[in-house]
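Student: I am new to this one. Could we walk through it together?

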Amino acid sequence: MNEFNTDNIKAQMRKGVLEYCILSILNKNDAYASSLISELKEAKMIVVEGTLYPLLTRQKNQELLTYRWEESPQGPPRKYYAITDKGRALLEEMDTAWQDVVETLALIRNK
């Protein structure tokens, strides 16, 4: 048994940056939910559909992203998500905030 429950700590940290990760991925390319999940898993950001879909809906409602339907060569049409200008502006703010957190942690850890 892990005395500190590091799995839970890691999960909470990942959850805190998930929105940032999604906007970062969509800033490079439009994507559908399954491809977002795959890219997040490749980066060791474990996420399930039950977590992703509500977040995508919230970001869409906040006008941070939009979506379009595209025919798929395999199966039904896919919903592709794309970042909006408002989403890009938030992403820039998140980039700055993240850099501030990294610098603060470096100061504290190296004191």
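Predicted model: local features only at pLDDT ≥ 70, side-chain atom pairs only at ≥ 80, totals over all residues.

Student: Leaving aside neighbours within four places in sequence, which residues is Q59 in contact with?

Tutor: Contact means heavy atoms within 4.5 Å. With neighbours within four places in sequence left aside, Q59 touches E19, I22, L23, L64 and L65.

Student: Is Q59 buried or exposed?

Tutor: Buried means under 20% relative accessible area, exposed over 50%, and partly exposed in between (1.4 Å probe, protein chains only). The relative accessibility of Q59 is 0%, so Q59 is buried.

Student: Why is the pair of Y20 and W98 called tilted?

Tutor: Rings of Phe, Tyr and Trp (its six-membered ring) pair if their centres lie within 6.5 Å; planes under 30 degrees apart count as stacked, over 60 as edge-to-face and the rest as tilted. The ring centres of Y20 and W98 are 6.1 Å apart and their planes stand at 50°, so the pair is tilted.

Student: Which of the two, Y20 or W98, is buried, and which is partly exposed?

Tutor: Y20 has a relative accessible area of 16%, so Y20 is buried. For W98 the value is 39%, so W98 is partly exposed.

Student: Which residues do ring pairs link into a cluster?

Tutor: The structure has 4 aromatic pairs. Ring pairs join into a cluster Y67, W69 and Y81.

Technical notes
Residues numbered from 1 in each chain as written. Heavy atoms only, no water.
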